[in-house]
Amino acid sequence: MAECCVRDPLPAFSQARHKEPPHANPASAVRQNRLRQVNPAQTLAAQHGAIVFSEDHWLATLYPAEIRSIADYLRCAQRVRGVLGPLVIKVLQSGVNVVLDFPANTLANREWLLGLAHAAQVPHCLHYLELDDATCRARLHARNAQGEHDFAATDAEFDLITRHFSVPGEEEGLVIEVHRPQ
């Protein structure tokens with residue numbers, strides 16, 4: 001089963017059968033677990049015996065100090081997807097579960113992710129965490145303050161990216177699990 005989260009999304013795919021999809025926060029949001037923050041991608045991976053591919057990690061490793069704008073990000077992210085897409089498909093076809101810590105905040109992003117699941121012929125699930133912008137911004141600030149993430153988005157970048165957010169829908173061919181935090 002493939003699992004992803006939106007706001008910002010966390011795609012995960014799996015070849016193997018496993019228990020009910022877990023409840024997860026999106027990869028870019030920070031989940032407070034008492035005194036420490038939990039990485040939702042790692043949580044999903046642990047629950048499903050999956051390997052995690054993180055777009056931010058690959059971008060920071062391959063293009064250190066090169067991403068200074070949204071245009072830089074788009075250029076570099078396209079390169080990473082060109083390399084990782086075929087790899088993810090092969091890993092899935094070999095029977096290994098995969099969690100993709102990649103954005104799924106736009107229709108185009110979700111189409112790419114869904115295309116990977118279809119190409120590998122594996123089921124998927126998109127985890128959509130319904131949060132208002134204020135909560136997402138607060139989580140971003142907390143993540144930035146911790147200083148352990150590959151990138152620290154500014155409020156201006158958050159505003160720019162959030163403008164392009166579109167709510168995922170089943171009409172996109174997605175299996176969606178909606179999470180509404182209390």
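Arg137 is partly exposed, with a relative accessible area of 22%, where partly exposed denotes the range between buried (under 20% relative accessible area) and exposed (over 50%), taken with a 1.4 Å probe on protein chains only. The model is predicted, so that local features need pLDDT of at least 70 and side-chain atom pairs count only at pLDDT 80 or more, while totals for chains, interfaces and linings use all residues. Residues are numbered from 1 along each chain as its sequence is written, and side-chain values use heavy atoms, with hydrogens and water left out.

Asp155, at 33% relative accessible area, is also partly exposed. A salt bridge, meaning a side-chain nitrogen of Lys or Arg within 4 Å of a carboxyl oxygen of Asp or Glu, joins Arg137 to Asp155. Because Arg137 belongs to helix H5 (residues 133-146) and Asp155 to helix H6, this pair ties together parts 18 residues apart in sequence; helices here are DSSP runs of H or I with at least four residues, and strands are runs of E with at least two, numbered from the N terminus. Through shared partners, salt bridges join Arg137, Asp155 and Asp159 into one network.

The count comes to 6 salt bridges, including the following pairs.

| Pair | N to O distance |
|---|---|
| Arg81 and Glu55 | 3.8 Å |
| Glu172 and Arg110 | 2.8 Å |
| Arg137 and Asp155 | 3.2 Å |

Glu172 sits in the loop between helix H6 (155-162) and strand E8 (176-179), whereas Arg110 lies in helix H4 (residues 107-120), so that the pair links distant parts of the chain, 62 residues apart. Arg110 is buried, at 2% relative accessibility. Arg81 and Glu55 are both buried as well.
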